Each structure stands twice: as structure tokens, then as C-alpha cells.
Amino acid sequence: GSEEYTRDADGNIRERTDPTENWPHLLLEQTGVDHNISPDARHLWMTLEYEIVSCESKVDRSIYPENPSVNAAQFQWFLNLTDSDPQSESYNERMWFGFSMFDTRCIGSTPGGMSSYDGGKEDSSGLFIYMFSLESAAQEKGNLVPLPSSVIGGGKRTVRVDVLPLLSSALKAAKKSGALKGASVEHLTIDSTNIGWELPGNYDVSVAISNLNL
């Protein structure tokens with residue numbers, strides 16, 4: 001962040017203060033996944049090991065106070081889903097589905113879930129986003145979730161969540177917001193996936209990722 005964001009007029013490392021200003025992304029992405037979710041599928045596991053190695057801000061907070069409504073560093077994993085049913089009114093419409101493991105606004109706890117449309121920056125996809133909470137996923141039998149998840153250091157942390165039952169909740173939220181109105185879980189295709197950092201705040205961050213599996 002301290003390298004990606006421009007300095008202010010006095011040469012200081014500045015914070016992002018304008019909600020419409022673009023922010024840096026560092027994402028590992030795999031396209032061309034093209035996996036159709038089978039009607040006979042019993043599970044869909046998202047699994048990884050990670051450690052937030054470091055997260056710090058070099059901003060002078062006496063000049064730029066931290067504003068949680070604008071500033072954050074987030075480590076997240078997403079799937080891009082498409083309605084692949086030719087008979088559906090939302091055929092070929094897409095949405096984002098995923099979760100957050102780390103957020104500077106909840107150090108020592110676990111990021112919550114959310115649902116909204118992608119926006120706030122020039123290159124927004126405009127797609128509906130559904131993010132489930134790892135805290136709620138931890139309540140389901142068979143899932144393995146480190147609580148709290150938003151922790152710096154401390155060694156590898158393992159997430160293993162069966163997201164198949166969560167897709168119904170995602171579609172319900174999407175339809176309520178006017179997206180993927182004709183979609184069903186058994187006609188969803190996983191097009192691509194990405195994992196990494198979004199820095200709407202000026203932070204220097206590092207994560208070690210291992211055993212990433214879908």
C-alpha cells in the first residue's frame with residue numbers, strides 16, 4: 001500500500017480519504033475452471049491453509065486518522081458463478097461468492113458476511129456479491145474454521161468449509177436484489193476463482209498461502 005498509493009503534496013505517506021478513489025488489488029486468479037455443479041453433488045469443499053504474516057500501516061495517523069468506513073486491508077477468496085441454464089431468465093448472468101478471512105476492522109475476531117453489488121471503483125464488475133461469515137460456517141458439522149480468523153501471525157490457520165448448502169442462501173439473496181432471478185444451484189457453473197488482498201486502506205501486508213483446494 002505504501003508504494004501503490006501516491007504521496008501527498010508534502011511527500012507524506014497518505015491514507016485513502018475519498019471513497020471513490022480506486023484501491024490496489026493483489027489477486028491470484030484461475031480462469032477457465034468451467035466446473036458445472038452436479039445435481040448429485042453432496043459437498044463442495046473450499047479448503048486452504050494461510051498465515052497473515054504481517055499487516056502494518058506507515059501512515060502518520062496524526063495527519064491521516066484511520067476511517068474504518070473507507071480504510072481497510074482485506075484477505076478474501078471468491079468464486080465466480082454463472083447461471084448456465086439456457087431455459088432460465090438469467091441465463092449467463094454471473095455473481096461473486098466467497099468469504100473474508102482477514103479484515104483490519106476486526107482484528108482478533110472474524111469478518112462478518114455481506115451481500116451487495118460490486119461498486120465503489122472505476123473497474124467494478126457491477127455483479128452481485130455474496131459473502132458468508134466464517135463464524136456462521138463454523139457452526140455447521142464437518143466444517144473446520146479457525147476462530148477468530150482475523151489474526152496476525154501465530155502459524156498456519158486452516159479453513160475447510162462445505163459451501164454447497166450456502167449456495168442456496170447466496171441465490172436467495174441475489175434474487176431478492178434482482179440478480180440471477182432464474183438461477184438454481186444445480187445449474188450453476190464455477191467459471192473462475194481468485195484469492196488475495198484488497199487494500200482500500202494504505203497498509204503493507206503479507207500472507208502465506210498453502211494447500212489451496214476446491
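How many salt bridges does a search of the whole structure find? The search finds 5 salt bridges, and the close-ups below visit some of them. Please keep in mind that this is a predicted model.

View 1. Welcome! Among the elements of the chain, the highest mean pLDDT, 98, belongs to strand β4 (residues 74–83). The lowest mean, 88, is found in strand β6 (residues 114–117).

**View 2. E15 and R61 meet in a salt bridge.** Side chains of opposite charge can pair when their charged atoms come close. Here the distance from N to O is 3.0 Å. The two partners come from distant parts of the chain, 46 residues apart: E15 sits in the segment before β1 (25–30), while R61 belongs to the loop between β3 (45–56) and β4. E15 counts as buried because its relative accessibility is 1%, under the 20% cut-off. R61, with a relative accessible area of 27%, is partly exposed.

**View 3. E49 reaches K156 through a salt bridge.** The closest N and O atoms of this pair are 3.7 Å apart. Is K156 buried or exposed? K156 has 60% relative accessibility, which is over 50%, and therefore counts as exposed.

**View 4. D204 and K58 form a salt bridge.** In this pair, the closest N and O atoms are 3.4 Å apart. D204 is part of strand β10, and K58 is in the loop between β3 and β4, so parts that are 146 residues apart in sequence are tied together. D204 is buried, its relative accessible area being 17%. K58, by contrast, is partly exposed, with a relative accessible area of 47%.

**View 5. A nonpolar patch on the surface.** Which residues form this patch? They are L28, I209 and L212, and together they have about 260 Å² of accessible area. L212 can be found in strand β10 (residues 204–213), the strand that also holds D204 from the previous view. With a relative accessibility of 42%, L212 counts as partly exposed.

Technical notes: Residues are numbered from 1 along each chain as its sequence is written. This is a predicted model: local features need pLDDT of at least 70, side-chain atom pairs count only at pLDDT 80 or more; totals for chains, interfaces and linings use all residues. Side-chain values use heavy atoms; hydrogens and water are left out. Patches are made of residues with over 30% relative accessible area and no salt bridge: like charges are joined within 9 Å, nonpolar side chains (Val, Leu, Ile, Met, Phe, Trp, Tyr) within 5 Å. Accessible areas come from the Shrake-Rupley method with a 1.4 Å probe; for residues, only the protein chains shown count as cover. A salt bridge is a side-chain nitrogen of Lys or Arg within 4 Å of a carboxyl oxygen of Asp or Glu. Helices (H or I, at least four residues) and strands (E, at least two) are DSSP runs, numbered from the N terminus. Buried means under 20% relative accessible area, exposed over 50%, partly exposed in between (1.4 Å probe, protein chains only). pLDDT is the predictor's confidence in each residue, from 0 to 100.
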